[in-house]
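Dear colleague,

I am handing over the structure that we spoke about, and below it you will find a description of what came out of it. Please keep the model open while you read, so that you can follow each part by eye.

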Amino acid sequence: MDFSLNEEQELFRSAVRKYLKDLGGTGTARATIRGDDEPARAAASGLAEMGINAIPVPEQQDGLGLGALDLVPVFEETGRVLLPGLQLETLALAVPLITNYGTEEQKKRWLPLAASGESAFSVAWYETGRSLFPETFACTATRIDNRYELSGVKTLVPVTGSPDLFIVGAEAPGGTSLFLVEASEAASVRPLSCLDETQLPAELSFRNAHAELLGEPGKGQDMLREALLHFNTALVSGMVGGMDELVKITAEYAKIRVQFNQPIGRFQAIKHRIVDMKLDLETARSLSHYAAWAVETGADDRIAAVHSARSFASRAYIKAAGDSIQIHGGIGFTEELDCHLYLKRARYWDHYFGSVRDSRKAAAGSLGWHARQTADAAPVS
Amino acid sequence: MDFTLTKKEEAFRDELRSWLSVNLPEGWLEGKRTLPESKEAYSRFLRDWQRKLYEGGWAAISWPEAYGGRNATLMEEIIYHQEMVRVKSPPLVNYVGIHMVAPTLMQMGTDQQKEAYIENILTGNHVWSQGYSEPNAGSDLTAIETAAVKKDGRWIINGQKVWTSFAHLADRCFLLARTGQSGKKHEGITVFLLDMNQEGVETRPITQMDGREEFNEVYLTDAIAHDEDIVGEEGKGWSVLIALMLHERSGIAAEVFTLEQQFEEVAEMARTLTSDGKPIIEDPFIEDGLADLYARISGARLNYYRNITHTLKNGKPGPESSLDKLLVSELGKELFDFAMTIQGHAGVLAGGDAPFDGAMQHQYLASFGATIGGGTSEVQRNTIGERILGLPKDLGR
């Protein structure tokens, strides 16, 4: 029995943590909110130099060929400082998609760029008024000789960090499929206002954009479901990092804030609330580490593991952020403190590529609780 | 990260499994698990079971071999708990003796005490109870009033203990009594090894809210103990309690595995019970709630694994292991609250008229005890807040 990250992973965590702290912690995120992208860009290239982008990329494409567990410390630490950027989308969604379903040529073209940090990738999947896995998309890809032309409007596409490549979901002959579309092919990019101002989601429109098929036609949803196991694992690490910081700053505040002639952390009403935050944090951390292990080793229960982690951590992060505001009192409600930044990030991630309900459904399906229906059911994630 | 068992651990598990399949009471594995009603028959049944465990070498596996144990590793101890939970083995009547009293005596008992008690604990000849709580000393154990006064070379003990598990079956009591009033409130407390088979000791069972009678009031009226019955030093009982707690290395393994098993039973009920011809799991509310509990109960088990890993690497549990009890006992309450809710109007029934023979109803009621016994959830939260998060101590402690 050994349920812990290994020494190298912990050492790497310390290095990433120190680097991001030296850059000013959440100061990078605050710069993005002010409209100054430079610190986030600098952080992204600094992290790439440390090798984080190479972690999930196969060795043949200049990467390190490591697994989901090696990304855990990275995303816990970027989550701790609310780092804006496309690390999550690039390393935990686009790279697994291209690695698992791309042609040799596609891999050769894009993966080295991801490994070095020269390129960031994003995913254009959602459409307004449609669920995460709709029957059909309005966006279509038409085959013309050996190539595809893609037209339509996608929404909630993360563009902070200037992606060079979009993986786009569109209807094609054979059903919903995935396509690689270079950023220069987008006809328009309309930034959307976002509750979490460290994020920059956009509405993208394509008109006869040059598109390359990724994987088999008609398998878009299955491929995305599978890749979302990687994505959700990394996302949950980010949530754990944020919660860890929240518990830390809240406990520290309760030790120094004096009311009624004593530190408020002495009152059980405060103390017990922080303990409950800590309990949730540790549970989320355990679920998160196990999910990464399950994904990395292809364990039988990996779908339940990942979606349990996501559904639990997502709610717990929102709650921890809310409790931290409450315990800080008036100052907690101000812009000045970071508590609200965590709340907004927690909310953003709660709604991002799935929901708590989606995850619980996926876990229930994978555990065979609906045995009568599973015989002809599609693979679930 | 590695969740597999070593070859040696597998062999240990298989040996225990095959022993259990032969030695559990007849019909036990097939589900005939009723315990005798009368006190005498119940006591005999449990003592017989302990005797059988002893004879098979399975009563106290973590003890050193010199005392008749197996010198089991932490992982073997955990596997042991897992297997015992899996077969829903009868309760270990001498739990207090095996897991608390004997390890304490091995560390700080006199040769005479070791000689007199350890083997009898192992064989089940002496069943032990734990005399801690009192009517006015619950969460605040330092408030005990039971007093031992020395007179003519003997200790005369007067007072009342409460919530004393298995006292009605016990021969001996690991008793806390006040022997001095001076100094700090932790001082002046002494641990006695009290013979319960004497005139000054009267035991009255307490009927619990779930109808069972597992714990007792113990009245001490001029009960007698001797100097050689003191563990450690007179007036230094508090440090004995601390030492006793440090023996705890497998933590709440049995409770963790039991919670997991209980979850499976609730999930099975959700798939089996029907409403309007459909399994109730098809109700999205029930599916959602069950998936939520699955996540949280898995999380509690994984927390436990993380804490065991810490113990395996560092030789002793880390502070985070104090989270386990709080988490598992609170989750048990939520699990059975859910198990009641999803039964719909059938949830009001009990016993044989209720779904699953009222198993959920019974466990629902029993679950309320788990967040009180062994330190209330509130006390656990104080401890965690102060020891792990470094928050200031409550006034008055």
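Two residues are said to be in contact if their C-beta atoms, placed from the backbone, lie within 7 Å. Please bear in mind that this is a predicted model, in which local features need pLDDT of at least 70 and side-chain atom pairs count only at pLDDT 80 or more, while totals for chains, interfaces and linings use all residues. Residues are numbered from 1 along each chain as its sequence is written, and chains are lettered from A and ligands numbered from 1 in the order in which they are written.

I begin with the place where the chains meet. The contact between them takes 40 residues from chain B and 34 residues from chain A. On the side of chain B that touches chain A, the elements giving two or more residues are helices H7 (253-272), H8, H9 (322-341) and H11 (377-387), where helices (H or I, at least four residues) and strands (E, at least two) are DSSP runs, numbered from the N terminus. The largest share of that side, 18 residues, is supplied by H8(B). By residue type, the side of chain B that touches chain A divides into 23 nonpolar, 7 polar and 10 charged; here Ala, Val, Leu, Ile, Met, Phe, Trp, Tyr, Cys and Pro count as nonpolar, Asp, Glu, Lys and Arg as charged, and the others, Gly among them, as polar.

Helix H8 of chain B covers residues 284-314, and its 31 residues should span 45 Å at 1.5 Å a residue, which agrees with the 45 Å between its end C-alpha atoms; the expected span is 1.5 Å times one less than the number of residues. Just after H8(B), Gly315(B) takes a positive phi of about 80°.

Turning to chain A as a whole, its secondary structure comes to 11 helices and 9 strands. Its C-alpha atoms fill a box of roughly 80 × 50 × 40 Å along the principal axes. For 381 residues a compact globule would have a radius of gyration near 21 Å, and chain A has 21 Å, which agrees; this radius is taken over C-alpha atoms, and the globule rule is 2.2 Å times the number of residues to the power 0.38. Of the 381 residues of chain A, 55% count as buried, meaning that 20 or more other C-beta atoms lie within 10 Å of the residue's own, whereas 12 or fewer make it exposed and anything in between partly exposed, with C-beta atoms placed from the backbone.

Chain A is divided into domain 1 (7-119), domain 2 (122-217) and domain 3 (222-376), with bounds that come from an automatic or database domain assignment. The C-alpha centres of domain 2 and domain 3 of chain A lie 29 Å apart, and the contact between these two domains takes 9 residues from each.

Thr142(A) lies in strand E2 (residues 140-144) of chain A, and it counts as partly exposed because it has 15 C-beta neighbours inside 10 Å. Leaving aside residues up to four places away in sequence, Thr142(A) touches Tyr148(A) and Glu149(A). By contrast, the C-alpha atoms of Thr142(A) and Ser324(A), 182 residues apart along the chain, are separated by 51 Å.

With best wishes
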